[in-house]
Amino acid sequence: MKLKNPMRSIIILFTLIVIVYPVIPLFIQSIAGDWDYRELFPSSLTLDNYISIIDTYNIPEVTLNSIIISSVVVVISLILGIFPAKYIGIRDFRGKTWVQVLTMMPVMAPGIIVLFGIGRIFAESGIYRTYMSLILSEVVFLIPYMIMVLVPVFKNYDRGIEDQAATLGVGRLSTLMNVTFPSIRSGVAVACMYVFISSWATYLAVGMYAPIDFETMGLIMYPAIKFGQVSDSMLAALTIIFFIPSVLFLLISTWIMGTDKVNNQRV
């Protein structure tokens, strides 16, 4: 059987190898019992590393905290970012390039400077070290990414379908939910995936503005790596747990894009 596009197959295979290969020894390390450095494979396998890491860091609660915060950040970033992205994407106006540059300023500036800058605002507003300050500090950094991903989506967007909906008497909110969103669903999925994964791994904002004793996966991950708080096998187990939600979000986004592609082919 002759491949239709061998170069594409090679690129996909190479990408899978690059992504999957580092995970294999990490997973083996996470379930290793006794593993002498002179042996190619561990002499015994166990789930004790996962049990220990779950008990040590209270993983269920920390994971739930991370999922809630990241999901809220995604929703707020989408609500605040979709309309500026649409305006920049579909319209040509004077100073458009400068608007895009200014939009990316929080990303281009060193993160610690931006965080210290907004910290005074949080303190004077009485929301320092609250869930509000944590969410807002992450949104400041991640909404530029949401806009950056959605702008190219709207450049290829056909506004004619919205005009047709308005002609038929459809309201703006109904048009947004039933016309605009289905048309850009794949782009929204990619943007939300990027923001979710970035929020999931955030360390600095959580450390500075989260309520006392509030922990996320990013907050416990980096100290565990830097200070060697756990064994190598337990750290491998923590790493596997750390990226599982991101992989699930990636699979969901890929599925959404795949269904959109199939629907477009049918049309």
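This is a predicted model: local features need pLDDT of at least 70, side-chain atom pairs count only at pLDDT 80 or more; totals for chains, interfaces and linings use all residues.

Which side chain does Lys96 meet in a salt bridge? That would be Asp92, at 3.4 Å from N to O. A salt bridge here is a side-chain nitrogen of Lys or Arg within 4 Å of a carboxyl oxygen of Asp or Glu.

Residues are numbered from 1 along each chain as its sequence is written, and side-chain values use heavy atoms, with hydrogens and water left out.

The structure holds three salt bridges. One of them joins the side chains of Glu162 and Lys86, at 2.8 Å from N to O. This pair links distant parts of the chain, with Glu162 in helix α9 (residues 160-167) and Lys86 in helix α4 (residues 59-90), 76 residues apart. Helices, by the way, are DSSP runs of H or I with at least four residues, numbered from the N terminus. Glu162 and Lys86 are both buried. Then there's Glu124 with Arg120, whose side chains meet at 3.3 Å, N to O. These two are about one helical turn apart, because they are four residues apart in helix α7. Both Glu124 and Arg120 are exposed.

Now for the rings. You'll find 10 aromatic pairs in the structure. Among them is Phe122 with Tyr209, an edge-to-face pair at 5.1 Å centre to centre and 90 degrees between the planes. Since Phe122 belongs to helix α7 (residues 111-125) and Tyr209 to helix α12 (residues 204-209), the pair ties together parts that are 87 residues apart in sequence. Both Phe122 and Tyr209 are buried. Phe196 and Trp200 make a stacked pair, 6.0 Å centre to centre with 20 degrees between the planes. To count as a pair, rings of Phe, Tyr and Trp (its six-membered ring) need centres within 6.5 Å; planes under 30 degrees apart are stacked, over 60 edge-to-face, and the rest tilted.

Stay with Phe196 and Trp200 for a moment. Both lie in helix α11 (residues 185-200), four residues apart, or about one turn of the helix, and both are buried. Together with Phe242 and Phe249, they form one aromatic cluster. Trp200 also touches Ser246, which is in helix α14 (residues 232-266). Leaving aside residues up to four places away in sequence, Ser246 touches Ile197 as well, where touching means heavy atoms within 4.5 Å. Ser246 counts as buried because its relative accessibility is 11%.

Last stop, the surface. Ile12, Phe14, Leu16, Val18, Ile19, Val20 and Ile24 form a nonpolar patch there, with about 660 Å² of accessible area together. The largest share, six residues, comes from helix α1 (residues 6-20). Phe14 lies in that helix, and Phe14 counts as exposed because its relative accessible area is 56%. Patch members have over 30% relative accessible area and no salt bridge; nonpolar side chains (Val, Leu, Ile, Met, Phe, Trp, Tyr) are joined within 5 Å, like charges within 9 Å. The areas come from the Shrake-Rupley method with a 1.4 Å probe, and for residues only the protein chains shown count as cover.

Conventions: Buried means under 20% relative accessible area, exposed over 50%, partly exposed in between (1.4 Å probe, protein chains only).
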